[in-house]
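Visitor: I am new to this structure and would like to learn how to read a helix and a pair of strands in it. Could you take me through them slowly?

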Amino acid sequence: MVTWEPDILGERFECATLPLTPDPQGEVVATLVRTRRSALQRLAASVKPLSDVDVLYVHGWVDYFFQRHVAEAWEETGARFHAVDLRKYGRSLREHETPGYISDLDTYDEDIEAALTAMGHGVGQRSKRRLFIMAHSTGGLTMSLWVHRHPGRAHALVLNSPWLEFQIGGIGREALTPLLEIGARITPLRSLPHVDFGFYTRTISDQFEGEWQIDPRWRPERGFATHTAWLAAVFTAQRKVATGLDIDIPVLVMLSDRSTISRTWSEEMRSSDIVLNVDEVAQRVPRLGRNVTLVRIEGAMHDVTLSAAPVRERVRSELRRWLTGYGRLR
């Protein structure tokens, strides 16, 4: 039985805690967030083109769901919006847990299944509604593999700057992998050198020079510590993408047109991806499946939906154009 409660995002949102199998650190949960609808809103949505669609949004590393405007954009099409805070992130993070830590991205299958079951899309539930998935960064990597392993479950996949390849490319990733795998077996929780200088937080948080209200407990200025086993898990997933997936549904990938990777601040960081090497990611995009659309968006930041207002409008326009063809949006 799922119990819905008011969410931190305000009266338009509610959330439910989803118990998961405990791990060596103790209790584990995921949290599902959804938009609330009045009877009048449900009636208005019923005549919109995506009224038969449920959306599940999956966040990235050092992240949680706070993008109200993304939910509103989907709701305007008639779709019902949901987002999951994965284990050890955001609303799901508990004091006894290592933030964001996991040693195998496939472990998130339990989180995703719990969320889908609460939405009516679990195994054996036979929902008559279509399922669209939207995922960002590490969430995009996770959900690309999930969709590949679970054909027939989802109907469309939208990826916002998915972390499909390591910043120094496949050759660099392969060179580092043996060392990481050894470290993951011997000292899985060993912290790796901190490489987050706080520039991304500076570009997005209204506590600095951005426009978005972000909880510093769940998205610290310089991120979480990274650990050996976690990065080894990411490399394992990226290797699978490089080998080639067979996603059987239409995929939209949205990336910035350029990256700015630097140890020193520059104003270009406000209009480029300062987290990923987007050209390396773009090379991996065709390996996702048979029907993949790549859109490079000028001036976009790492989370393209958090870019400057004119860029966000371009993102929205590109999404609607793609949905017109593949989502039956009219």
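Predicted model: local features only at pLDDT ≥ 70, side-chain atom pairs only at ≥ 80, totals over all residues.

Visitor: How many residues does helix H9 have, and what does it reach from its first C-alpha to its last?

Guide: Helices are DSSP runs of H or I with at least four residues, and strands are runs of E with at least two, numbered from the N terminus. Helix H9, residues 309–326, has 18 residues and reaches 26 Å, close to the 26 Å expected at 1.5 Å a residue, where the expected span is 1.5 Å times one less than the number of residues.

Visitor: Which residues of H9 are buried?

Guide: An α-helix has 3.6 residues a turn, so residues three or four places apart point the same way. Buried (under 20% relative accessible area, with exposed over 50% and partly exposed in between, for a 1.4 Å probe and protein chains only) are Val311, Arg312, Val315, Glu318, Leu319, Trp322 and Leu323. They cover an arc of only 135° around the axis, taken from the directions from the helix axis to the C-beta atoms, which puts them on the same side of H9. On the other side, Pro310, Arg321 and Gly325 are exposed.

Visitor: Which strand pairs with S2 over nine bridges?

Guide: Two strands pair if DSSP finds at least two bridges between them. S2 pairs with strand S3, residues 26–35, in the antiparallel sense, and a hairpin through two residues joins them.

How values were computed. Residues numbered from 1 in each chain as written. Heavy atoms only, no water.
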